[in-house]
Amino acid sequence: EVVAQTGDPSHPEIKIWDKNHNLMKTRALAGMLSAKASAISEDGKIVCYLVAAGNRIIVSSVSSGREVQEIPWDENKEHATNFALSYDGSVLAVGTWKGKIHIWRTEDGKKMTTLDDDEGVLALAFAVDPRYLGSVHFGGCAAVWDLPPASGLENANNPGQRLWKSDATDSARSIAFSPCAAPEELIVAMGTADGTVLLREI
């Protein structure tokens, strides 16, 4: 379990920490103003970040620092609020202020689908199986989405679908999954505005 943190504009860098709060790696972002947002895969192998200029998302290898993929992004058109990478780093989700969730394959930067909700995205998290994505929205609802297979590309006939949505009275602020792969065994944990954690079976 690792965490990626972006540096401030005066120190453009990505810092990567392990679960024991040990600094594992610091990567300077030469030639960039800063990275605005970041996410790292659960296996600690892939990191992605939005360049502060807002025109591209960089996907790179943690161990080598090599850029794996560059995904075009227009921050002026769609303000990114949250990033999430699947456990193995194969799928990237980007939530926006307008409630859209864009899904890409990191291997080749191809768009898989765009999910749409009425409210802006506050938080995102993948289950161990990258087909299942959890989202939390500014109105307090949480949702679970069934995505197209990572082998597929953007297809109007298979855009992905919402499996479940909580009530806004839950006041969800964060979301996480149990480590089960089968959808009938998935349990969602939601952190709420009053400091409690709610568990829901999907």
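Two residues are in contact when heavy atoms of theirs lie within 4.5 Å. This sense of the word applies throughout the account below, which concerns a predicted model.

Leaving aside neighbours within four places in sequence, Asn82 is in contact with Ala93, Val94, Gly95, Leu122, Ala123 and Leu124. The residue belongs to strand S8, and its relative accessible area of 18% is under the 20% limit, so Asn82 counts as buried. Two polar approaches involve its side chain. A polar atom of the Asn82 side chain lies 3.3 Å from the backbone oxygen of Leu122, and the side chain also reaches the backbone nitrogen of Leu124 at 3.2 Å.

Not counting residues up to four places away in sequence, His137 touches Leu122 together with Ile101, Asp117, Glu119, Gly120, Val121 and Ala172.

The aromatic residues come next. A pair of aromatic rings is described by the distance of the centres and the angle of the planes. The structure holds 2 aromatic pairs. In one of them, the ring centres of Trp73 and Trp104 are 6.1 Å apart and the planes stand at 70 degrees; because this angle is over 60 degrees, the pair is edge-to-face. Trp73 lies in the loop between strand S7 (67-72) and strand S8 (80-85), whereas Trp104 lies in strand S10 (residues 100-105), so the pair ties together parts that are 31 residues apart in sequence. Both partners are buried: Trp73 has a relative accessible area of 8%, and Trp104 has a relative accessibility of 7%.

The other pair is formed by Trp97 and Phe138, whose ring centres are 5.0 Å apart. Their planes meet at 50 degrees, so this pair is tilted. It links distant parts of the chain, with Trp97 in the loop between strand S9 (91-96) and S10, and Phe138 in the loop between strand S13 (132-137) and strand S14 (142-146), 41 residues apart. Here the accessibility values are 55% for Trp97, which is exposed, and 37% for Phe138, which is partly exposed.

One backbone feature also deserves attention. Most residues other than glycine have a negative phi. Ser171, however, has a positive phi, near 50 degrees. This serine is found in the loop between strand S15 (161-165) and strand S16 (172-177), and at 26% relative accessibility it counts as partly exposed.

These details may be set against the chain as a whole. The chain has 18 strands and 0 helices. Of its 202 residues, 45% count as buried. Among contacts with a separation of 6 or more, 38% are between residues 24 or more positions apart. The accessible surface comes to about 10,000 Å², and carbon and sulfur atoms account for 49% of that area.

Confidence in the prediction remains to be considered. The mean pLDDT of the chain is 82, and 76% of the residues reach 70 or more. Over residues 1-7 the pLDDT is below 50, although this stretch has 34 contacts in the model beyond near neighbours in sequence.

Terms used. Residues are numbered from 1 along each chain as its sequence is written. This is a predicted model: local features need pLDDT of at least 70, side-chain atom pairs count only at pLDDT 80 or more; totals for chains, interfaces and linings use all residues. Side-chain values use heavy atoms; hydrogens and water are left out. Rings of Phe, Tyr and Trp (its six-membered ring) pair if their centres lie within 6.5 Å; planes under 30 degrees apart count as stacked, over 60 as edge-to-face and the rest as tilted. Helices (H or I, at least four residues) and strands (E, at least two) are DSSP runs, numbered from the N terminus. Buried means under 20% relative accessible area, exposed over 50%, partly exposed in between (1.4 Å probe, protein chains only). A polar contact is a pair of N or O atoms within 3.5 Å; within protein, one must be able to donate a hydrogen and the other to accept it, and residues adjacent in sequence count only if both atoms are side-chain atoms. pLDDT is the predictor's confidence in each residue, from 0 to 100. Accessible areas come from the Shrake-Rupley method with a 1.4 Å probe; for residues, only the protein chains shown count as cover.
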